[in-house]
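Subject: Structure handover

Hello,

Here is the structure for you to look over. My notes on what turned up follow below it.

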Amino acid sequence: VVAEVFGGLGSYRVSVRTVRNADLPASEATSAAAVINGSVLGRVDSGGDVDWFRAGLVQGRTYRIELASSDADGSALFDPVLLGLFRPDGTLLDGTTNDDFGNTLNSQITFTAPGGQLYIAAGGFATTTGDYRLSVTDITIADLGADTRSLGRIVANGQTSSRIGLA
């Protein structure tokens, strides 16, 4: 983004809005990608519609994947369902499906990536339709050094996690 003024002073506002993906196929032919440590918007257009998102996950790292109702366009998906993570050949990875995480209608899983290209499948319960937000967060706990060369960082008013282990 570049903002310029030609003579004089003034103010301006810059806004960035996430645009919902168009109808996506439920296959490796999808054009959409999940954003690691971010989110993307999607829409279940009709009952039984399933959207796939490419996920460039790193082998051995732990991720939290959340599928939540989003009121981005005034039509929130009532009951989003995480239909699982799939390999390009359509094989579902065990333990990667979820509906109604905790006491909510949203979906969430935590898992350690096995490596290779994966696809996240998003849909709605039964014939529900509407907008959703897919978030992928790397929650791998770092092993931090015990001196000033540590790569651990924390920002003001932020937080981080690690683990204390035995040598």
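This is a predicted model: local features need pLDDT of at least 70, side-chain atom pairs count only at pLDDT 80 or more; totals for chains, interfaces and linings use all residues.

Start with the pairing of S1 and strand S8 (residues 130–138): the two run antiparallel, joined by seven bridges.

S1 itself covers residues 38–44. Five of its seven residues are buried, so the strand is largely enclosed by the rest of the structure.

Next, the open sheet. Four strands make it up, in the order S2-S7-S4-S5, with antiparallel pairing. S2 and strand S5 (98–99) are the edge strands, since each pairs on one side only. As a reminder, strands of a sheet pair through backbone hydrogen bonds, in a parallel or antiparallel sense.

Here is the sheet, pair by pair:

- S2 (residues 50–55) and S7 are antiparallel and share six bridges. Val50 sits opposite Gly123 of S7.
- S4 (residues 80–86) and S7 are also joined by six bridges, again antiparallel. Phe86 has Tyr119 of S7 as its bridge partner.
- S4 and S5 pair over two bridges, in the antiparallel sense. Leu82 has Asn98 of S5 as its bridge partner.

How many of the seven residues of S7 are buried? Seven of seven, over residues 118–124, and the strand is mostly covered. Both directions are involved. Leu118, Ile120, Ala122 and Gly124 point one way from S7, and all are buried. Tyr119, Ala121 and Gly123 point the other way, and these are buried too.

Is Thr30 buried or exposed? Its relative accessible area is 5%, below the 20% cut-off, so Thr30 counts as buried. Its side chain reaches the backbone nitrogen of Ala32 at 3.2 Å.

Which residues does Thr30 contact, leaving aside its neighbours within four places in sequence? They are Leu24, Pro25, Trp52, Phe53, Arg54 and Tyr119. Tyr119 comes up here again, as a residue of S7 that is buried. Strand S2, for its part, spans residues 50–55, and the contacts of Thr30 include Trp52, Phe53 and Arg54.

Best regards

Notes:
Residues are numbered from 1 along each chain as its sequence is written. Side-chain values use heavy atoms; hydrogens and water are left out. Buried means under 20% relative accessible area, exposed over 50%, partly exposed in between (1.4 Å probe, protein chains only). Two strands pair if DSSP finds at least two bridges between them. A polar contact is a pair of N or O atoms within 3.5 Å; within protein, one must be able to donate a hydrogen and the other to accept it, and residues adjacent in sequence count only if both atoms are side-chain atoms. Contact means heavy atoms within 4.5 Å.
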